[in-house]
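Here is a short tour for anyone opening this structure for the first time. Have a look at it, then read on.

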Amino acid sequence: MAAIRFRLDPSSGVPTYLQLVHQVKHAVQYAMLKPGDRLPTAREVVEDLAINPNTVLKAYRELEREGFVYSRPGAGTFVAEDAPAPLARTVHQPLRRSLDRLIGSAVAAGLDRDSVVALMTLALNDAFPEKEAVHGRRA
Amino acid sequence: MDVVLETSGLTKRYGRTEALRGCDLSLAGGKVTGLVGPNGAGKTTLLNIAVGLHRPTAGRIRVLGLDPWRDAVAVLSRVGFVAQDRPLHRGFTVAETLEIGRRLNPRWDHAYALARVKHFGLPLDRPVRSLSTGQHAQVALTLALGKRPEVLLLDEPVANLDPVARLELLEELMGVVAEDGPSVILSSNVLADVERVCEYVVILVDGRVRISGDADELVRSHVVVSGPRRGAHDRADDGEVIEVRHAERQTTRLLRGRAAPSDDGTEVRPATLEEIVVGYLRADREEVSK
């Protein structure tokens, strides 16, 4: 069985090849994929998702360009030894605990889920302004 | 990659009806191309001419460099075709259907065809009429694939299929593309499918190509701009307005080009392929009705 299985969100508006790129990066960051692991072949992916095989190859080329994977002709595409390191538990866990506390106090203050998401989105847009400038509304 | 299908000024008249009106098209090989357009735009006529079923009234068409009307035998030995409604002899069994494929096609790969049918768990002795629509579609596709075609032409390959059968057929088709790499040209009105499998898109309207291009490039070059209706016509956006839709206080436009969001509440977002196709089709229909 392959280490990971791709999924598609047709309503996201994110191009299919980018969805695959994000999913591999995510899997590497959370150590679901480790260096040396083989990614599904184009054929395996298309028979799973009914997408164009060139889309898979395009995603793998992009990942290779960014140093996440390397391809060995005839053998497949593998996670690189020097792929950007997984998120360390020592970093991840305290962040998660702070977030839990924050959400806890928002709920205690009477905010519902949508209000929390809206608040987070505002904060994220301030923290990563370049994304917002592309699609969002200018303040 | 070489051009697999090329037309210039291709025209087809049936009596007074003009199904194709000077259609110019050039499709590179090794791709999956989607032909989209309203019913009657000429998709089926184009595909039928490409396999030599119809003779053009005027203009030129080349498939793999050959004239499909004059060299129909040569074209058909290298081009697989599944017509609309996937016609098969309903009284024949699956085995007999494949046997016809074997006898009619010099390049037929019988072992491959049998393996495909076995893969779907289709009993060879079942008559075609007893198959489900999905199974019927798989047999029709196998009949086109058995000759190991360089080009595969499919007219509405997923029409009438239930969602599961539709996905299975597309998965199969993309598996074949991954394995053997034939060029595929398919017509479809299911834009979600076109978006999923096609890397090149041709929008046909009224027997002509309205716009064509790489699917990614089309998506990158179109945006949807929506904002207050008042002042919308003053906006200086950099591009061609394809379609405008007004609500009482709001205007939404499909734009080929770029636009910037502004502080009057105007939002800009990338268009989906579906919005692009529908935008062009609707814009042209409004043009006609004026």
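## Where the two chains meet

Between chain B and chain A, seven residue pairs are in polar contact, both residues at pLDDT 80 or more; a polar contact is a pair of N or O atoms within 3.5 Å, where within protein one must be able to donate a hydrogen and the other to accept it, and residues adjacent in sequence count only if both atoms are side-chain atoms. On chain B, the elements giving two or more residues to the side that touches chain A are helix 6 (163–180), helix 7 (191–197) and strand 13 (267–270). Helix 6 of chain B gives the most, with eight residues. Sorted by class, that side of chain B has 11 nonpolar, four polar and seven charged residues. Here Ala, Val, Leu, Ile, Met, Phe, Trp, Tyr, Cys and Pro count as nonpolar, Asp, Glu, Lys and Arg as charged, and the others, Gly among them, as polar.

A word on the ground rules: this is a predicted model, where local features need pLDDT of at least 70, side-chain atom pairs count only at pLDDT 80 or more, and totals for chains, interfaces and linings use all residues. Residues are numbered from 1 along each chain as its sequence is written, chains are lettered from A and ligands numbered from 1 in the order in which they are written, and side-chain values use heavy atoms, with hydrogens and water left out.

There are two salt bridges between chain B and chain A, each a side-chain nitrogen of Lys or Arg within 4 Å of a carboxyl oxygen of Asp or Glu. One of them joins the side chains of K58(A) and D216(B), at 2.3 Å from N to O.

How much area is buried between the chains? About 1800 Å², with carbon and sulfur atoms giving 49%; this is the accessible area (1.4 Å probe) that two parts lose on being put together, summed over both. In chain B, E171(B), R196(B) and P261(B) lose the most to chain A, together 30% of what that side buries.

| Chain | Residues in the contact (heavy atoms within 4.5 Å) |
|---|---|
| Chain A | 19 residues |
| Chain B | 22 residues |

## Inside each chain

Chain A has six helices and two strands, in the order α-α-α-β-β-α-α-α from the N terminus. Helices (H or I, at least four residues) and strands (E, at least two) are DSSP runs, numbered from the N terminus. Of its 139 residues, 26% count as buried, meaning under 20% relative accessible area (1.4 Å probe, protein chains only).

In chain B, helix 1 (residues 43–50) is mostly covered, with seven of its eight residues buried. Among them are L46(B), L47(B) and I49(B). After helix 1 of chain B comes G52(B), with a positive phi near 80°.

Note on methods. Buried < 20%, exposed > 50% of the residue type's maximum accessible area, 1.4 Å probe, protein only.
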